[in-house]
Amino acid sequence: MSAPTPSLADSLRTAGFKGELRPHELLAPCTTWQIGGPAELLAVPANVDDLVVALAWTASGSISWRLLGNGSNLLIHDRGVRGLVLRVRKVLDEIKVHGRRLTAGAGASFPAVARTAAARGLAGLQFAAGIPGTVGGAVVMNAGWHQFETGNAIAAVDFLQSNGHRITMDHDQCKFTYRSSLFRRTPGVVLGATFQLEPGEPADIQAEVDEYTTARKLNQPVDRPSCGSVYLQPPGDFAGRLIDAAGLKGRRVGAMEVSRLHANFFINTGGATCADALALMDQVEQEVARQFGVELVREVEFWQ
Ligand SMILES: Cc1cc2nc3c(=O)[nH]c(=O)nc-3n(C[C@H](O)[C@H](O)[C@H](O)COP(=O)(O)OP(=O)(O)OC[C@H]3O[C@@H](n4cnc5c(N)ncnc54)[C@H](O)[C@@H]3O)c2cc1C
């Protein structure tokens, strides 16, 4: 009789992975939308070596893998995802300041980085205080607010290629564009980033952080489960303005609702499913296309 096939968790442990392994872990609590079925295997690396081990293991076993930060720009299918989900959040999260440069690990909270920069009298990341992602997610997505973008403050990114090579990429190599970067198209793991900042008065910088935070609270449903903006801004316009003008504020499918405060935010009012979110997105996209001839493009990434 042949030996039973080892579980994914056993197999990854045998390969040398030291961090946490959680088979069939529900992903809904790992996302800000609070939606999503289980990962076949969720793994939280203890260090960079664990990531190297995990990537080599996926390659040798042809196992699909994904990188999860704070799950604040993700819609995950109700039936979950196959393969390995590596969660880099609250690990690899050191923040260090050297002169005008701030270096942060991929798992550091982006708002925590903004607060540290402000406290140390470094300007350039005030906008980040209201973006509830990790540094890794912010770099990959080139997260931004109004005219500010993560990429503008980046001096270098520490990147683990899928073949296990660790490289440092300078700003230009990262190819930042609106809500995107080279890392969205290149398999690998952002391990951390170095930001080049400008000196300023800590109190003035903090005042700007507070001003932006207040503006967000007035205009966005920041205390309700969402993924932030569902759609990218169409050229020369705003997705929220179009959805509002189409009369869709408050439109609901199941427990998912177009926010009445900001129409580009969809709120999980309690127990919404991925199917609810997809159906609401379909309705909104069709209605905006019908009324204004504009095709909305999704900013939120869909895992299935
Ligand atoms: C209330 C609210 C407000 C928001 N406001 C804004 C805003 O003002 N501006 C804005 O741009 N976004 C905003 N967002 C969206 C979201 O916070 C950002 O896109 C954020 O940068 C995502 O980071 P994350 O760690 O949650 O990434 P996740 O959602 O976990 O992942 C996003 C993508 O990045 C990849 N990824 C994550 N970490 C790594 C890594 N270390 N290495 C390689 N790939 C990685 C994932 O695989 C995925 O492809 C908002 C969201 C919410 C809920």
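A residue is counted as buried when its relative accessible area is under 20%. By this cut-off, seven of the ten residues of helix α3 (residues 110–119) are buried in the predicted model, so the helix is largely enclosed by the rest of the structure. The buried positions of α3 are F110, P111, A112, V113, A114, A117 and A118. At the start of the helix, a side-chain oxygen of S109 comes to within 3.0 Å of the backbone nitrogen of A112. After α3 comes G121, with a positive phi near 70 degrees.

The loop between β7 (101–105) and α3 contains A108. Because its relative accessibility is 1%, A108 counts as buried. With residues up to four places away in sequence left out, A108 touches L92, D93, I95, V113, G133, T134 and V135. One of these residues, V113, is among the buried positions of α3. The C-alpha atoms of A108 and H146 are separated by 23 Å, the two residues being 38 residues apart along the chain.

The protein is divided into three parts, namely domain 1 (8–87), domain 2 (95–219) and domain 3 (239–303). Taken over C-alpha atoms, the centres of domain 1 and domain 2 are separated by 24 Å. Contact between these two domains involves ten residues of domain 1 and 13 residues of domain 2.

An N or O atom in the side chain of T134 lies 2.7 Å from a ligand oxygen. For R216, a polar side-chain atom is found 2.7 Å from an oxygen atom of the ligand. A backbone N or O atom of A138 is 3.4 Å from a ligand oxygen. The ligand taken alone exposes 970 Å², and the protein buries 94% of that area.

The loop between α4 and β9 holds N142. Most residues other than glycine have a negative phi. N142 has a positive phi, near 45 degrees. N142 is also buried, because its relative accessible area of 0% falls under the 20% cut-off. A second residue other than glycine with a positive value is L92, whose phi is near 50 degrees. L92 is placed in the loop between β5 (81–87) and β6 (95–98). The contacts of A108 include L92, as do those of L51.

L51 belongs to helix α2 (residues 48–61). Its relative accessible area is 0%, so L51 is classed as buried. Not counting residues up to four places away in sequence, L51 touches P45, L86, V88, L92, L160, V189 and L191.

The loop between β12 (166–170) and β13 is the place of S181. S181 counts as buried because its relative accessibility is 0%. Leaving aside neighbours within four places in sequence, S181 is in contact with V139, V140, C174, K175 and F176.

Terms used: Residues are numbered from 1 along each chain as its sequence is written. This is a predicted model: local features need pLDDT of at least 70, side-chain atom pairs count only at pLDDT 80 or more; totals for chains, interfaces and linings use all residues. Side-chain values use heavy atoms; hydrogens and water are left out. A polar contact is a pair of N or O atoms within 3.5 Å; within protein, one must be able to donate a hydrogen and the other to accept it, and residues adjacent in sequence count only if both atoms are side-chain atoms. Accessible areas come from the Shrake-Rupley method with a 1.4 Å probe; for residues, only the protein chains shown count as cover. Helices (H or I, at least four residues) and strands (E, at least two) are DSSP runs, numbered from the N terminus. Buried means under 20% relative accessible area, exposed over 50%, partly exposed in between (1.4 Å probe, protein chains only). Contact means heavy atoms within 4.5 Å. Domain bounds come from an automatic or database domain assignment.
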